[in-house]
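Visitor: Hello! I am new here and would like to get to know this protein. Could you show it to me and walk me through it?

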Amino acid sequence: MNSATSGGFGCFSSGGGFPAQWQQQDDASPAALTDLCLTYVSQNLECFCVKLPDGSLCFREAVLFPQELADQLLAKMATEGLLNDSTVGVFRNCQYLRLRRACIRTARISAEAFQKALCPHRLLELDAARVNADLTIPDILQGLATNKYCQESLQRLVLTGLTMASLEEPSWYRFSALRGLRSLSLANVEFYDSGLVDVCCLPRLESLDLSNTSVTNLSPLLGLKERLRSLTLHQLKRLEMSTAQLLGVIGRLNVLQHLDISDDKQFTSDVARQLLAQPGILPALVSLDVSGRKQVTDAAVRAFVEERPGMTFVGLLATDAGFSDFLSGEGNLRVTGEANETQICEALRRYSEREGFVREALFHLFSLTHVMEKPRPDILKLVVLGMKNHPATLNVQLAASACVFNLTKQDLAAGMPVRLLSTVTQLLLEAMRTFPNHQQLQKNCLLSLCSDRILQEVPFNRFEAAKLVMQWLCNHEDQNMQRMAVAIISILAAKLSTEQTAQLGAELFIVKQLLHIVRQKANQNVVDATLKFTLSALWNLTDESPTTCRHFIENQGLDLFIKVLESFPNESSIQQKVLGLLNNIAEVRELHGELMVQSFLDHISALLHSPEVEVSYFAAGILAHLTSRGEEAWTLSPGLRCLLLEQLHAVIMKWPPPECEMVAYRSFNPFFPLLECFHTPGVQLWAAWAMQHVCSKNASRYCSMLLEEGGLDQLEHVHTHPQTHRDVKLLAESILESLQRHRARTGQPAHTSRRPPAQ
């Protein structure tokens, strides 16, 4: 029923609550309405569709999509991992969903589904990078060849990371059939010389990417020498040409404007040095990338650029060049490198899909971000791009997570858009899942998560995060990180739904581990942030979770908490958290027998008279629950019960109104049985006082909750009942007035519900 109130990391002093404001998006960076709608449609496609006999989906109603929206829907489905043989079926209707620029990156679709759904469209572009291995390059070429319009209309084709075909099956379908093709990417494909001969027959080809292919001889490129404007040869691992032969071919590409001969494997070839030293070569060049190459100097690059005044870009990452003012990258000439922030960011922007270069750039970025004083969402977006593109690469994730911490630590996170932080947080969780045994990576992610801004305001999968952090906590003993982990768990637990909290707390290892930490601190007689956050975490996890409460009792939690109370008799913050949790235990009627212990009730009775309202309040709650079931359920002295009820009533009447909200509630349902205890007005009084307290401090949240749960009927019943004590009636009247004001202000209707039977 109750949990720790909201607290921050600034003082490491209290557990997490669950204020409503965390759910609100940052108005400074709202998602586009189109994007929100496309996301909803793609994630709920089956609601709008019928399933055909072959398992594919088809829209129930013939809805005519604007062509650009059809392209965007396909791309959204691919990006979200929702494009498969079934869902791609909606694009079979070319009349209503007309595709022109089709993006199916990383999709999992078969050759048959591809041919039926996408090949009938009059495509201008197709991006099929890294689709599943079931869809090969010959499959795509064969499918596109069935559409005569596509043979002329298709201008751009991206096949990065695809397989050609099995070795046993010769390919009868050639690139040269796509006569309209202007741009082709075959990066990271097992593509050989025979295929290059075919490609170089394309009559309109202007841009070609052969990065990381198996081509050994580039001589066929001479067939394109009068029209090839962009050539990317990054990391040609099997090239068998000498430097002179290679430059002999490249130098004859008369209209070439962009050339990329970078290599992140640090090969010893001096092709870059010789190219830069060759006067008059490639006079039309405006962009040259030699990143990762050896023997590149500032002087040589400057001379090359000055000979070609139209140049706009030079790639110099992982070379010895780029440190002169001329190559700073801050003027009209863009430069990738490691000399300054501008060069590093340019590298992250241009090389986002090149694992080695991303790792290199992030390594240098980390050094710069140590001294960041202002929020830099522009840089964080570039880090996110690298994390997204290389989720399974440890070195990238390690460097990226360290940069994320530097970019979001302390007050820097406050200046970041919520949606960006949400994306970053999900990527950190994905990294934790992917590399569960890498301690430094886990530390980096925990340090980034340990942020008030992120935990309180940013939307992400908190349940998944809590599980990951708990798993880390159970496997590590690092004291500093232990504090971070329990702090995160204490706040996350308060943000979860009742069902999620119960599911998390039902994991026995979680309760055991948290109790182990409490036991350590009690034995050491130490009150620190770790103890406080651990108590808050247990408090939040037992909230309306009988299974967790039972785990607590079965693992000697009650004896341990009595020891904590005895060890720290003057620590009101510790007492509040201990009693808050025990209040949750007392809500579970099946566990009342475990609490009917004289020594335990002696402690609670003493704390009932604490001068701290927060302590006295929770002690009173425990007594209210234990005495609410009548004399028959009370297993100790009847005289003790009568005495405790008298003290309970008297103490509550002396409480001053707290200055702030001292407890948070997920529901008022556990209060309603207490309100029916007309034979024990002290019990009723505690329930009414608690409800009046939160409704007066946070009317918008709690008045609304009380109305939704049928509390109006319950309170009116108590207010008019002839047996209701005068003190209880006054509190009920105050709550009813608060509800009336709330309804007048908001127009919220009152819900009715059946009252629990009187006890």
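Guide: Gladly! Let us begin with a term: helices here are DSSP runs of H or I with at least four residues, and they are numbered from the N terminus. Please keep in mind that this is a predicted model.

Visitor: Which helix holds His693?
Guide: Helices are counted from the N terminus. The run that covers residues 681-697 includes His693, and that run is helix 31.

Visitor: Is His693 buried or exposed?
Guide: Buried means under 20% relative accessible area. Beyond its neighbours within four places in sequence, His693 is in contact with Pro658, Cys660, Glu661, Met662 and Val663. Because its relative accessibility is 2%, His693 counts as buried.

Visitor: How many helices and strands are there in the protein?
Guide: The C-alpha trace spans about 105 × 60 × 50 Å along its principal axes. Of the 759 residues, 55% count as buried. As for the elements you asked about, the protein has 34 helices and 14 strands.

Visitor: How many Å apart are the mean positions of the positive and negative charges?
Guide: The protein has 69 positive and 79 negative charges.

Visitor: Which helix gives the largest share of the lining of the largest pocket?
Guide: The largest pocket has a volume of about 1,400 Å³. It is lined by 38 residues, and the closest to its centre are Lys76, Thr79, Glu80, Lys388 and Thr423. Helix 1 (33-43), helix 3 (67-79), helix 13 (377-389) and helix 15 (418-434) each supply at least two lining residues. The largest share, 8 residues, comes from helix 15.

Visitor: Why does Val396 count as buried?
Guide: Val396 sits in helix 14, which runs over residues 394-408. Apart from neighbours within four places in sequence, Val396 is in contact with Glu355, Val358, Arg359, Leu362, Gly386 and His390. The cut-off for buried is under 20%. Val396 counts as buried because its relative accessibility is 0%.

Visitor: What is the relative accessible area of Leu362?
Guide: Leu362 belongs to helix 12 (residues 355-369). Leaving out neighbours within four places in sequence, its contacts are Leu348, Val383, Val396, Ala399, Ala400 and Cys403. Leu362 is buried, and its relative accessible area is 0%.

Visitor: Is Gln513 buried or exposed?
Guide: Gln513 is part of helix 21 (residues 508-524). Beyond neighbours within four places in sequence, Gln513 is in contact with Met470, Leu473 and Cys474. The relative accessible area of Gln513 is 11%, so this residue is buried.

Visitor: Which residue with a positive phi follows helix 32?
Guide: In helix 32 (residues 699-708), Tyr702, Cys703, Ser704, Met705, Leu706 and Leu707 are buried. Their cover includes strand 14 (664-665), helix 30 (672-675), helix 31, helix 33 (711-720) and helix 34 (726-746). After helix 32 comes a residue whose phi is positive, near 80°, and that residue is Gly710.

Note on methods: Residues are numbered from 1 along each chain as its sequence is written. This is a predicted model: local features need pLDDT of at least 70, side-chain atom pairs count only at pLDDT 80 or more; totals for chains, interfaces and linings use all residues. Side-chain values use heavy atoms; hydrogens and water are left out. Buried means under 20% relative accessible area, exposed over 50%, partly exposed in between (1.4 Å probe, protein chains only). Contact means heavy atoms within 4.5 Å. Lys and Arg count as positive and Asp and Glu as negative; His and the chain ends are not counted. The place of a charge is taken as NZ of Lys, CZ of Arg, CG of Asp or CD of Glu. On a 1 Å grid over the protein atoms alone, a cavity is a set of points where a 1.4 Å probe fits but cannot get out, and a pocket is an open set with protein on both sides within 12 Å along at least five of seven lines; lining residues have an atom within 4 Å of a point. Grid points are joined across faces, edges and corners, and a volume is the space filled by probe spheres set on the points.
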